[in-house]
Amino acid sequence: MITKQLNFLIGSGASAKSIGLMGDFKPDDKTKKSANDMLEDKIRFISEKILLGECKLPKEKIIQENLNDYTRFLKSVIDVINLSNSRQTPKSVNLFTTNYDLYIEKAVDELIGTSRFVFNDGANGYFKRVLESSNYNRVVSYKGLNDNYISEIPSVSLIKPHGSMNWSEQNGAIFIRNEVTENPKIVKPTGIEEKDTFLDNHYYEMLRIFQLELDKPQSVLFIIGFSFQDKHIGKMVKRALQNPELLVVVFGYLDGDKDTYLSNLDIDMMPRNFRIYTPENFNKIHLTKNENGNGNVYYSFELSNLTDIINGASVEDLKDGNSK
């Protein structure tokens with residue numbers, strides 16, 4: 001992680017603890033709302049709760065736990081890029097997410113004052129913050145008081161190719177608000193996401209950044225909570241694997257996910273620079289223990305487990321390019 005151009009792709013599985021997955025939602029005959037509408041309502045509710053910090057009731061405990069997962073993950077990544085040598089690799093990380101909840105944005109606020117980093121969500125402005133893809137790929141440095149040194153500050157870029165609950169569109173421009181908007185600019189899981197994203201210039205630009213980052217030399221992409229059901233993103237990952245200097249590492253929630261991912265990507269033979277790790281590849285101390293309704297125990301690999309592994313690597317091991 002400290003010697004590569006660092007990228008993460010975070011899917012809905014990372015927020016499933018509190019929100020659930022698309023398959024968990026059904027149409028509501030009483031309100032005449034579709035499954036997509038029900039999902040959007042749930043994401044709206046969760047996003048409003050975390051922005052207001054109102055997750056104190058027992059039934060809302062899971063929301064706070066999910067936020068803690070993101071906050072710990074983000075801090076672990078910032079700690080790692082702090083170890084990078086900026087003369088060889090930028091002290092930066094790109095977080096691509098197909099989620100339009102506001103967990104990552106809230107996690108950034110949680111870390112303000114405890115970690116030194118720059119957050120870039122692609123917006124310019126103060127009261128009116130307008131999204132523009134050219135705002136990415138910035139480098140921010142701290143200059144000594146006597147101009148005697150320059151030190152690059154760790155940078156976290158958030159790219160959301162499916163939109164966000166705090167985006168609104170006005171006269172063809174995307175504004176990023178500090179609240180959940182009335183009509184958020186999002187791509188709903190309708191089955192024609194590929195058409196929607198490529199026809200809309202803003203979504204297309206986000207995907208273009210994704211493709212450009214994967215085409216860079218010495219890049220690594222870690223994927224978690226994403227099953228490649230979004231065919232257009234799957235195609236982009238598959239195409240990017242032609243870059244021999246790119247390494248793609250995918251983490252599956254359950255052991256059966258490996259076959260699902262390969263099937264969704266239409267891959268028969270595993271490319272050399274593509275790896276899939278599922279619970280069977282890890283010691284149980286690096287897994288989450290679960291119990292289903294029948295009382296049967298099973299183990300899963302989640303965002304919190306990835307964070308523990310990153311944190312478990314000592315500074316010396318990271319500098320040597322090894323990991324525990």
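**Entry 1: pocket lining**

I sorted the lining of the largest pocket by residue class and got 18 nonpolar, 17 polar and eight charged. My classes: Ala, Val, Leu, Ile, Met, Phe, Trp, Tyr, Cys and Pro are nonpolar, Asp, Glu, Lys and Arg are charged, and the others, Gly among them, are polar. The model is predicted, so local features need pLDDT of at least 70 and side-chain atom pairs pLDDT 80 or more, while totals for chains, interfaces and linings use all residues. Numbering runs from 1 along each chain as its sequence is written, and side-chain values use heavy atoms, with hydrogens and water left out.

The lining has 43 residues, and G11, S12, G13, L21 and G225 lie nearest the pocket centre. I read the volume as about 1,100 Å³. A pocket here is an open set of points on a 1 Å grid over the protein atoms alone, where a 1.4 Å probe fits, with protein on both sides within 12 Å along at least five of seven lines; lining residues have an atom within 4 Å of a point. The volume is the space filled by probe spheres set on the points, which are joined across faces, edges and corners.

Which helix gives the most to the lining? It is α7, with three residues. I also noted α1 (35-52), α2 (61-81), α7 (257-265) and α8 (303-312) as each supplying at least two. Helices are DSSP runs of H or I with at least four residues, strands are runs of E with at least two, and both are numbered from the N terminus.

**Entry 2**

I followed the side chains along β14 (residues 288-291). Buried means under 20% relative accessible area, exposed over 50%, and partly exposed in between, with a 1.4 Å probe and protein chains only. β14 pairs with β15 (residues 297-300) in the antiparallel sense, over four bridges; pairing requires at least two DSSP bridges between the strands. T288 has S300 as its bridge partner in β15. Five residues sit between the strands, and G295 takes a positive phi near 85 degrees in this hairpin.

**Entry 3: helix α5**

I checked the span of α5 (residues 201-214). Its 14 residues reach 20 Å from first C-alpha to last, close to the 20 Å expected at 1.5 Å a residue. The expected span is 1.5 Å times one less than the number of residues. Ten of the 14 are buried, so α5 is largely enclosed by the rest of the structure. Among them are H202, Y203, M206 and F210.

**Entry 4: salt bridges**

I counted eleven salt bridges, each a side-chain nitrogen of Lys or Arg within 4 Å of a carboxyl oxygen of Asp or Glu.

- R208 and E205 meet at 3.9 Å, N to O. Being three residues apart in α5, they are separated by about one helical turn. R208 is partly exposed at 41%, whereas E205 is buried at 19%.
- K216 and E213 meet at 3.1 Å, N to O. K216 is partly exposed at 27%; E213 is buried at 3%.
- D121 and R129 meet at 3.0 Å, N to O. D121 is buried at 13%, and R129 is partly exposed at 25%.

**Entry 5: G23**

I placed G23 in the loop between β1 (5-10) and α1. Is G23 buried or exposed? G23 counts as exposed, at 57% relative accessibility. Its C-alpha is separated by 44 Å from that of Q88, 65 residues apart along the chain.
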